[in-house]
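Visitor: I am new to this structure. Please show it to me, and then I will ask about its parts.

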Amino acid sequence: MSERGALRARLDLLAREVAKFGAVGLVGLLVNIAVFNLLRHTTDLQVVRASVLATFVAILCNYVGFRYWTYRDRDKTGRTRELTLFLLFSAAGAVIENGVLYLATYGFDWNSPVQSNVFKILGIGIATLFRFWSYRTWVFKALPDPSPADPSPAEPSSAEEAARPAERFLEQRRPTETVEPDPVRN
């Protein structure tokens with residue numbers, strides 16, 4: 001495959017990843033806003049406290065979507081590590097998201113229902129950029145591609161590593177390239 005073709009394939013994969021991340025994020029956004037407004041209008045919770053609770057409900061919803069749809073083909077061997085990092089980076093995103101709302105509410109006294117929703121959504125947008133980068137870089141790590149230059153794979157050090165190639169084969173959903181043999185010429 002040419003360099004241009006390889007770049008095009010990588011950009012296509014990135015575009016699909018962004019689209020899936022966005023779809024899961026949209027569901028999370030709807031959950032977040034719905035829970036936020038439900039808490040805000042049916043309880044006596046302060047605005048930012050209602051927002052924090054809504055954020056964590058959306059985070060739980062998003063984890064399921066990311067793990068089982070967006071990043072289902074990524075490494076699944078370290079679930080405890082993955083969940084720990086997911087919660088850590090999600091908490092950092094929650095600080096970003098709710099920090100924007102906190103600043104608007106208590107720094108500028110913009111706390112009408114419309115203003116709260118606008119700044120909640122603005123905070124979600126900023127936090128989403130951070131979350132996309134951190135989830136794809138640190139949490140849902142890509143499986144290493146087998147190197148075509150090294151046809152002999154290294155000896156696996158455990159039964160778990162030995163099962164990875166079979167797992168990759170079963171989960172692979174990309175069509176493979178076929179090369180037609182050259183006709184025999186006399």
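Guide: Two residues are in contact when heavy atoms of theirs lie within 4.5 Å. The model shown is predicted.

Visitor: Leaving aside neighbours within four places in sequence, which residues is Tyr71 in contact with?

Guide: Neighbours within four places in sequence are set aside here. What is left for Tyr71 is Glu17, Phe21, Phe66, Phe132, Arg136 and Phe140.

Visitor: What pattern does the chain follow along the sequence?

Guide: The secondary structure comes to five helices and zero strands. Read along the sequence, the pattern is α-α-α-α-α.

Visitor: What percentage of the chain's residues count as buried?

Guide: A residue counts as buried when its relative accessible area is under 20%. The chain has 186 residues, and the buried share of them is 28%.

Visitor: Does Trp138 count as buried, partly exposed or exposed?

Guide: Trp138 has its place in helix 4. Not counting residues up to four places away in sequence, Trp138 touches Arg81, Leu85, Phe89 and Trp133. Buried means under 20% and exposed means over 50%. The relative accessibility of Trp138 is 40%, so this residue counts as partly exposed.

Visitor: How far apart in space are Trp138 and Phe86, C-alpha to C-alpha?

Guide: In sequence, 52 residues separate Trp138 and Phe86. In space, their C-alpha atoms are apart by 8.6 Å.

Visitor: Which helix supplies the largest share of the lining of the second largest pocket?

Guide: The lining has 16 residues, and Gly25, Asn62, Ile124, Thr128 and Arg131 lie nearest the centre of the pocket. At least two lining residues come from each of helix 1 (3-42), helix 2 (47-70) and helix 4 (113-139). The largest share, six residues, comes from helix 1.

Visitor: How much space lies in the second largest pocket?

Guide: The residues of its lining divide into eight nonpolar, six polar and two charged. The space in this pocket is about 230 Å³.

Methods
Residues numbered from 1 in each chain as written. Predicted model: local features only at pLDDT ≥ 70, side-chain atom pairs only at ≥ 80, totals over all residues. Heavy atoms only, no water. 1 Å grid on protein atoms, 1.4 Å probe; cavity = no way out; pocket = protein on both sides within 12 Å on 5 of 7 lines; lining within 4 Å. Points joined across faces, edges and corners; volume = space filled by probe spheres on them. Helix = DSSP H or I, 4+ residues; strand = E, 2+ residues; numbered from the N terminus. Nonpolar A, V, L, I, M, F, W, Y, C, P; charged D, E, K, R; others polar. Buried < 20%, exposed > 50% of the residue type's maximum accessible area, 1.4 Å probe, protein only.
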